[in-house]
Amino acid sequence: MSIVTESDPTSYSPFFDGSPQMRAIGTVIDNIADTDATVFIRGESGVGKDLVARAIHAASSRRRGAFVKVNCAAIPQGLLESELFGHEKGAFTGAHRRKLGQFECANRGTIYLDEIAELPLALQAKLLHVLQDFQFSRVGGHELLEVDTRVIAATNRDLEEAMARGEFREDLYYRLNVVEIKVPPLRERREEIPELASRFLARFNMQYGRQKQLMPETLARLTEYSWLGNVRELENVIRRLVVLADGEQAIEALVTRGRNGHNGHNGNNGNNGNNGNNGRNGHSSVPRLTFAEGGLREVGRRGAREAERKALLEVLERVSWNRAEAARILKVSYKTLLTKISDCGLTPPLRR
Ligand SMILES: Nc1ncnc2c1ncn2[C@@H]1O[C@H](COP(=O)(O)OP(=O)(O)O)[C@@H](O)[C@H]1O
Ligand SMILES: [Mg+2]
């Protein structure tokens with residue numbers, strides 16, 4: 001199945017035909033698109049959940065309506081209710097005018113609630129009610145509004161665990177989970193890698209006016225690699241290959257690190273400055289510590305710094321250095337993130 005979505009001009013045909021798992025997902029999409037069933041998409045970051053959601057919308061009779069994406073992790077929790085359901089003038093300090101919520105904007109279309117696990121409990125309760133009768137009030141309002149929208153939710157988190165910890169409502173989970181689509185990680189559908197790689201290659205060659213090619217050995221290596229960042233990581237690696245003069249070597253280095261027990265994320269771009277172990281040599285990236293100065297406290301500090309640096313880099317690579325998104329995922333302010341990036345001496349692999 002191949003669909004070009006209408007609402008996003010930068011989109012291109014997703015490839016849902018390269019493995020039995022994705023073909024099965026394509027069949028589910030075809031079967032449920034025209035029902036109004038709520039869909040719950042699960043899978044690691046970068047596997048293609050957004051594409052699946054857009055494909056459902058594009059295949060449904062709602063395709064002429066809006067596809068509205070709300071990333072529940074991207075919006076500060078205090079603003080989420082108003083973002084989703086809108087507010088009346090004067091509902092809170094700063095509410096100078098009435099504002100429509102995303103549910104209203106998605107009327108006759110589809111609302112895609114990404115990273116649903118980040119929804120605070122109070123809002124989970126409100127969402128549950130909305131899913132029951134599609135009625136709600138704006139923040140600070142009494143009027144009951146009714147919307148006609150299809151709800152698709154997604155998460156990369158283990159919701160069963162979140163439920164066990166009391167962080168996610170079980171009744172909401174069952175409400176959302178009418179149709180569940182689990183998008184497997186790329187390493188479980190490696191047969192798609194050559195085709196995905198060649199599509200990305202063609203796209204980036206066109207975009208950057210290059211004629212790069214993939215050597216068969218490079219392709220073989222890409223097919224073996226672990227792809228913890230899934231299709232998004234593959235896309236970024238191919239982009240690098242196209243743009244960098246020594247792209248093939250960069251891939252070689254990445255894959256070699258991946259095999260030597262690293263997580264495959266390039267930890268060597270920046271100058272990490274502090275303890276002299278930047279994970280080169282393919283050894284474990286546990287920091288080598290010296291006890292000479294500072295004692296145990298300093299050991300703790302260095303360990304924490306290194307752990308922070310690793311998390312930072314991993315998230316930044318996964319989101320293609322989209323700092324705003326990284327800040328949200330890491331639950332720090334944008335400003336803190338920038339400070340940390342600079343403290344850790346991290347630099348983007350490539351300025352685009
Ligand atoms: N089957 C696919 N065909 C083409 N591109 C894909 C496919 N799956 C994922 N991608 C690309 O990989 C990136 C990550 O996909 P996305 O849907 O945003 O993942 P998720 O929402 O699961 O994090 C996007 O740039 C997307 O276009
Ligand atoms: Mg997504």
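Which residue in E6 does Arg42 stand opposite? In E6, that residue is Thr155. Welcome to this structure, a predicted model in which local features need pLDDT of at least 70, side-chain atom pairs count only at pLDDT 80 or more, and totals for chains, interfaces and linings use all residues. Residues are numbered from 1 along each chain as its sequence is written, while chains are lettered from A and ligands numbered from 1 in the order in which they are written.

**The sheet**

Five strands form an open sheet in the order E2-E3-E6-E1-E7, with parallel pairing. Strand E2 (67-71) and strand E7 (179-182) are the edge strands, each pairing on one side only. On average, neighbouring strands are turned by 20° against each other, direction ignored; axes here are lines fitted to C-alpha atoms, and angles run from 0 to 180 degrees between N-to-C directions. Strands are DSSP runs (E, at least two residues), numbered from the N terminus, and two of them pair if DSSP finds at least two bridges between them.

**Around E6**

| Strand joined to E6 | Bridges | Direction | One residue opposite |
|---|---|---|---|
| E3 (residues 110-114) | four | parallel | Leu113 with Ala153 |

Six of its six residues are buried (20 or more other C-beta atoms within 10 Å of their own, with C-beta atoms placed from the backbone), so E6 is largely enclosed by the rest of the structure. Arg150, Ile152 and Ala154 point one way from E6, whereas Val151, Ala153 and Thr155 point the other way. In a regular strand, side chains alternate between the two faces of the sheet.

Terms used: A residue is buried if 20 or more other C-beta atoms lie within 10 Å of its own, exposed if 12 or fewer, and partly exposed in between; C-beta atoms are placed from the backbone.
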